[in-house]
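Here's a quick briefing to read alongside the sequence and the fold. Have the viewer open and follow along.

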Amino acid sequence: MLSLLLPLLIAQAAPAAACDTPVALPAALAGWRSPTRVPGIGKAFTVTARDPKAIRGLAATGVDRPGRAALVPIEIATTGTYRVALSEPVWVDVVRDGAVQPAVAHGRGPTCSGIRKIVDFRLVPGRYALQLSAVQTARVRVLIAHG
């Protein structure tokens with residue numbers, strides 16, 4: 001039994017790849033490296049996560065998940081696919097009129113980029129709420145990129 005578990009234990013103890021030099025990012029994610037204070041499309045911004053019970057307007061899915069949460073209003077001007085890049089492996093929903101929009105793709109960011117998770121949504125013009133939940137840190141960097 002130990003012989004089966006040993007490779008797993010060694011893999012968990014192995015150090016992560018060194019990230020001394022930032023990697024080049026695709027054009028759509030270029031705003032990741034120049035964060036702003038104001039949430040918007042194309043530039044990274046930092047969200048402070050709080051107790052989900054203290055956030056008015058949070059969809060039920062955000063309240064039920066353990067950890068902190070955040071709610072950010074966003075305005076979409078053009079129909080298309082919007083990529084939400086996150087510094088932490090949190091749960092992300094895009095909500096419009098109380099309905100959670102379906103994700104069309106998800107994955108990880110480029111190695112050594114600082115992007116831990118990427119989720120794509122197909123959105124039409126309108127007002128939405130970006131909802132982060134199951135947040136285990138005090139802050140999360142976010143980038144919403146069109147295309």
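**Quick tour of the model**

Ser 113 sits in the loop that runs between β6 (103–107) and β7 (117–123); helices (H or I, at least four residues) and strands (E, at least two) are DSSP runs numbered from the N terminus. Keep in mind that this is a predicted model, where local features need pLDDT of at least 70, side-chain atom pairs count only at pLDDT 80 or more, and totals for chains, interfaces and linings use all residues. Residues are numbered from 1 along each chain as its sequence is written, and side-chain values use heavy atoms, with hydrogens and water left out.

**Confidence**

- The protein chain averages a pLDDT of 86, and 86% of the residues score at least 70; pLDDT is the predictor's confidence in each residue, from 0 to 100.
- Over residues 1–15 the pLDDT is below 50, and this stretch makes zero contacts in the model beyond near neighbours in sequence (contact means heavy atoms within 4.5 Å).
- Where pLDDT is low, the predicted coordinates should not be read in detail.

**Around Ser 113**

- Ser 113 is buried, at a relative accessible area of 6% (buried is under 20%, exposed over 50%, partly exposed in between, with a 1.4 Å probe and protein chains only).
- Its side chain reaches the backbone nitrogen of Ile 115 at 3.1 Å.
- Not counting residues up to four places away in sequence, Ser 113 touches Val 23, Leu 25, Trp 32 and Arg 33.

**Salt bridges**

- There are three salt bridges in the structure, each a side-chain nitrogen of Lys or Arg within 4 Å of a carboxyl oxygen of Asp or Glu.
- Asp 93 pairs with Arg 65, with the closest N and O atoms 3.0 Å apart. Asp 93 is in strand β4 (residues 91–96) and Arg 65 in the loop between α2 (60–64) and β2 (68–76), so this pair ties together parts 28 residues apart in sequence. Asp 93 is buried at 7% relative accessibility, and Arg 65 is buried too, at 17%.
- Glu 75 pairs with Arg 127, the closest N and O atoms being 3.1 Å apart. This one links distant parts of the chain, from Glu 75 in strand β2 to Arg 127 in strand β8 (residues 126–135), 52 residues apart. Glu 75 is partly exposed at 47%, while Arg 127 counts as exposed at 66%.
- Asp 120 pairs with Arg 83, with 2.8 Å between the closest N and O atoms. Here strand β7 holds Asp 120 and strand β3 (residues 80–86) holds Arg 83, 37 residues apart. Asp 120 is buried at 8%, whereas Arg 83 is partly exposed at 32%.

**Nonpolar cores**

- The largest nonpolar core has 23 residues, and Val 84, Leu 86, Val 92, Leu 130, Leu 132, Val 142 and Ile 144 have the most contacts inside it. A nonpolar core is a set of buried Ala, Val, Leu, Ile, Met, Phe, Trp, Tyr and Cys residues joined through side-chain atoms within 4.5 Å.
- At least two residues of this core come from each of β1 (45–48), β2, β3, β4, β7, β8 and β9 (139–146).
- A second, separate core of eight residues includes Ala 85, Ile 115, Ile 118 and Leu 143.

**Val 47**

- Val 47 lies in strand β1 and is buried, with a relative accessible area of 7%.
- The C-alpha atoms of Val 47 and Arg 141 are separated by 6.3 Å, though the two are 94 residues apart along the chain.
- Leaving aside neighbours within four places in sequence, the contacts of Val 47 include Ala 70, Val 72, Leu 132 and Val 142.

Definitions and conventions
A polar contact is a pair of N or O atoms within 3.5 Å; within protein, one must be able to donate a hydrogen and the other to accept it, and residues adjacent in sequence count only if both atoms are side-chain atoms.
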